[in-house]
Amino acid sequence: MTTHDLTIISGNGGQSAPDDVKKLNHLIDGEWVESTSGETFERHAPATGALVSVEAKGGTAEVEAAVGAARAAFESWSEVPGVERARLLNKVADLIDGSRAKIALFETMESGKPISQAEAEIEGAANIWRYAATLAWNVRGDSQNALGPDMLGMVLKEPIGVVSIITPWNFPFLIVSQKLPFALAAGCTAVVKPSEMTSSTTIILGELLIEAGIPAGVVNVVLGFGDPVGAVMTTHPEVDMVSFTGSTAVGKAIVAATSGTLKKVSLELGGKNPQVIFADADLDQAADAIVFGVYFNAGECCNSGSRIIVHEDVAEALTEKVVALSRKVPFGDPLNADTKVGAIISTDHQAKIDGYVKDAVATGARVELGGATMSIDGLGGQFYQPTVVTNVTEDMPIARDEVFGPVLSVLTFQDFDEAIALANNAAYGLSAGVWSESVHTCLSFARKVQAGTVWTNTWMDGYPEMPFGGVKESGIGRELGPHGLEEFLEAKTLQMRIGKTRTPWV
Ligand code: NAD
């Protein structure tokens with residue numbers, strides 16, 4: 001197949017890259033500081049190879065200073081009334097809205113995602129800050145009235161303390177916004193490390209936090225790599241909790257690293273998410289959602305619906321519809337407002353995606369569309385074709401691993417039990433979807449599938465008020481919704497005697 005069969009966008013449609021290379025420093029105790037080592041590293045745009053930013057390269061000294069600042073700020077921040085914390089979070093949300101175009105541009109330049117998607121994500125992120133502000137008014141525990149006439153019990157909810165927040169490259173601004181405002185609403189202080197590939201927008205957020213009036217030391221940002229910055233953030237004795245989003249492999253390393261100090265750990269990890277299509281499903285609706293689910297963010301998405309499990313009676317018809325729609329999805333220049341799928345994050349990652357496809361073909365799978373890299377006129381970066389692979393069996397790596405690219409695997413089933421067995425045959429358990437006109441089929445599937453989120457006759461809708469997280473190797477804990485606040489709170493039991501009613505022991 002040639003790329004002439006696809007919808008390719010070359011040309012930026014008038015939206016230009018930023019004029020200047022952004023120079024990024026750490027935010028520690030309210031100050032912008034370079035690394036003590038003087039070292040830096042660079043980020044180049046995945047779509048063009050152009051230099052976007054030069055970041056200070058953090059080390060142990062920067063993490064030590066940031067954790068020290070967060071610890072020192074904790075007591076006073078934890079005592080700020082909820083109403084004031086809410087006011088500050090709402091102010092941050094307004095400032096994010098005011099900087100949406102700038103944040104989206106850097107998000108697009110560093111991640112390769114389309115500019116229209118980046119803008120929608122920044123808009124969504126601002127609303128998450130607003131939602132978290134409502135929770136800041138509602139940090140509350142419980143009481144126990146039935147301990148007898150002489151006793152009263154209370155359960156206080158207290159902020160857990162200093163939190164290390166570590167984020168990935170695929171949704172940099174959105175993911176830090178799924179963690180940080182909830183931690184702040186709870187009364188925690190934080191040290192944040194963005195991915196080394198997408199640091200700019202977390203630094204812009206730091207600028208907005210200062211402008212909003214968040215006190216010095218409450219939020220610190222250290223730039224750098226997993227080793228040593230992430231590693232020290234997860235072993236430091238003054239850190240009380242690690243909130244991590246990223247790969248399952250690093251999630252497991254963090255569980256091991258935190259065991260020495262027994263920190264609380266919250267993990268949002270990978271997924272290999274099944275969408276099951278029953279024979280009575282609306283195939284047009286399903287096909288559109290499948291195409292969205294697999295190509296959104298170039299498939300570099302924990303929620304990628306990359307594992308289609310379709311009833312064999314409708315498998316051919318559905319695959320034809322998916323292939324036809326795939327040809328229409330605009331792939332190309334991320335800066336063009338019409339582009340729906342942009343660049344792949346790195347050349348290494350692109351090679352990994354291609355390796356999964358080649359391996360599947362070598363073991364009997366068939367490529368119906370795509371299956372190769374592509375170049376876009378005028379852009380030097382890396383792009384992968386929309387790819388549909390059939391004849392996939394459940395033992396193939398393409399059906400089991402997170403490919404994290406615009407690659408769809410199609411498996412088939414004969415009856416409900418087989419569909420559930422296939423859906424649950426994965427180490428992951430992040431999200432799952434079901435397509436059927438029967439509410440009974442949908443609900444039965446929803447009850448039996450092993451996933452943190454289930455979508456019925458839709459895919460990847462999300463709301464700040466709905467919790468999100470995974471089971472099995474997709475994670476521990478929940479973000480968003482009231483659960484998102486609870487993650488950063490610790491229960492303290494208070495048992496109070498009324499009057500001098502205690503019976504002496506001796
Ligand atoms: P990654 O695990 O390679 O890196 C994530 C972050 O961890 C980066 O900031 C990295 O520098 C840091 N890190 C690396 N090694 C570390 C260590 N030893 N200790 C501490 N920190 C360390 O993940 P990635 O490639 O940036 O992101 C893609 C992954 O994230 C995918 O697996 C995807 O499914 C997952 N993800 C999950 C969700 C979710 O909500 N479940 C959302 C987005 C992405």
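Q: Why is lysine 22 called buried in this predicted model?
A: Its relative accessible area is 14%, and buried means under 20%, so lysine 22 falls on the buried side of the cut-off.

Q: What makes lysine 22 and glutamate 207 a salt bridge?
A: Their side chains come to 3.7 Å, N to O. The limit is within 4 Å, so the pair counts. This one links distant parts of the chain, with lysine 22 in strand β2 (residues 22–24) and glutamate 207 in helix α6, 185 residues apart.

Q: Is glutamate 207 buried or partly exposed, and how do you know?
A: Partly exposed, with a relative accessible area of 28%. Buried needs under 20% and exposed needs over 50%, so glutamate 207 lands in between.

Q: What about threonine 202, and why is it called buried?
A: Threonine 202 also lies in helix α6, residues 200–212. Its relative accessible area is 2%, and since the buried class is anything under 20%, the label follows. Leaving aside neighbours within four places in sequence, threonine 202 is in contact with Val192, Pro194 and Val221.

Q: What makes arginine 71 and glutamate 238 a salt bridge?
A: The N to O distance between their side chains is 2.8 Å, and the criterion asks for within 4 Å, so they qualify. Arginine 71 sits in helix α1 and glutamate 238 in the loop between α7 (226–235) and β12 (241–245), 167 residues apart.

Q: Why do arginine 71 and glutamate 238 count as partly exposed?
A: Arginine 71 has 27% relative accessibility and glutamate 238 has 37%.

Q: Why is glutamate 62 said to have no salt bridge?
A: The nearest side chain of opposite charge, lysine 57, is 11 Å away, and a salt bridge requires within 4 Å, so there is none, though glutamate 62 is buried. What the glutamate 62 side chain does reach is the backbone nitrogen of threonine 36, at 2.8 Å. Glutamate 62 lies in helix α1 (residues 60–78).

Q: And why does glutamate 268 have no salt bridge?
A: Arginine 478 is the nearest side chain of opposite charge, at 5.8 Å. With the limit at within 4 Å, that pair doesn't count, so buried glutamate 268 goes without. Glutamate 268 lies in strand β13 (residues 264–268), and the residues it touches include Lys179, Phe244 and Arg478.

Q: What makes α2 roughly antiparallel to α4?
A: Helix α2 (residues 82–98) and helix α4 (residues 115–136) pack at an angle of about 170°, with axes 8 Å apart. Angles over 145 degrees count as roughly antiparallel, so that is what α2 is to α4. Among the residues making the contact are Leu89 and Val92 of α2 and Ile122 and Trp129 of α4.

Terms used: Residues are numbered from 1 along each chain as its sequence is written. This is a predicted model: local features need pLDDT of at least 70, side-chain atom pairs count only at pLDDT 80 or more; totals for chains, interfaces and linings use all residues. Side-chain values use heavy atoms; hydrogens and water are left out. Helices (H or I, at least four residues) and strands (E, at least two) are DSSP runs, numbered from the N terminus. Buried means under 20% relative accessible area, exposed over 50%, partly exposed in between (1.4 Å probe, protein chains only). Lys and Arg count as positive and Asp and Glu as negative; His and the chain ends are not counted. A polar contact is a pair of N or O atoms within 3.5 Å; within protein, one must be able to donate a hydrogen and the other to accept it, and residues adjacent in sequence count only if both atoms are side-chain atoms. Contact means heavy atoms within 4.5 Å. Axes are lines fitted to C-alpha atoms, for helices over the stretch in contact, and angles run from 0 to 180 degrees between N-to-C directions. Angles under 35 degrees count as roughly parallel, over 145 as roughly antiparallel, 65 to 115 as roughly perpendicular and the rest as oblique.
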